[in-house]
Amino acid sequence: ALAMQHSPRAHQQAAPLKLRVGTYNLLSPEYGVKWGEREACDGWVSKHVHGGSNWRRRWPALRRLLGCASWDLLALVELEDSTRPDVTEALRARGLALVWFEHDGRKDALGIAYDPASFTLQIRASRPFPPEAPKATTGRVDLQHVPSGAPVRVLVTHQRGGDAAQLDDLF
């Protein structure tokens with residue numbers, strides 16, 4: 001999700017800010033294997049019969065997909081420590097910086113990538129849900145768009161279904 005914050009100069013007519021924004025679920029190898037996801041497993045026969053993680057074979061295709069557009073902002077879910085070097089390097093090669101958010105109570109993580117030539121990072125924060133026993137996380141960055149000076153807030157969230165209170169707890 002992307003939301004523009006209002007600036008004190010809101011009464012002036014400013015040209016609309018045009019951004020190239022994307023989001024992608026990289027399907028964490030840990031959870032893909034745990035849940036027997038066909039897309040995450042080598043030699044998949046069934047949820048319980050497969051040859052483990054196929055990340056090494058899957059990553060080149062994911063890298064090509066992420067490279068299909070010139071992103072200004074890219075939200076990513078189901079990152080994990082074992083894939084962090086691959087993802088960070090691929091994004092860096094595309095001119096993007098990655099802000100990593102641990103996913104409390106889980107083994108995967110969230111990320112927001114942005115173009116540091118176009119934005120300066122002002123604030124980063126995350127919010128676990130529920131706070132007492134986290135099962136979901138929302139990450140947030142507040143950026144300043146360098147050419148226009150406009151503030152931009154970006155959220156990434158990875159939530160469990162069936163709990164509307166999670167949406168009420170966003171930043």
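Predicted model: local features only at pLDDT ≥ 70, side-chain atom pairs only at ≥ 80, totals over all residues.
Residues are numbered from 1 along each chain as its sequence is written, and side-chain values use heavy atoms, with hydrogens and water left out. A cavity here is a set of points on a 1 Å grid over the protein atoms alone where a 1.4 Å probe fits but cannot get out, and its lining residues have an atom within 4 Å of a point. Volume is the space filled by probe spheres set on the points, which are joined across faces, edges and corners.

The largest cavity holds about 50 Å³ of space. Arg127, Phe129, Ala136, Thr137, Thr138, Thr157, Gln159, Gln166, Asp169 and Leu170 line it. E6 and E7 are the elements giving two or more residues to this lining (strands are DSSP runs of E, at least two residues, and helices runs of H or I, at least four, numbered from the N terminus). E7 gives the largest share, three residues.

These two strands, E6 (residues 119-129) and E7 (residues 136-145), run antiparallel and are joined by ten bridges; pairing takes at least two bridges found by DSSP. Six residues sit between them in a hairpin. Arg127, one of the lining residues, has Thr138 in E7 as its bridge partner.

Elsewhere, Val87 is in contact (heavy atoms within 4.5 Å) with Leu26, Trp55, Trp59, Leu76, Leu79 and Leu98, leaving aside neighbours within four places in sequence.

Notes
1 Å grid on protein atoms, 1.4 Å probe; cavity = no way out; pocket = protein on both sides within 12 Å on 5 of 7 lines; lining within 4 Å.
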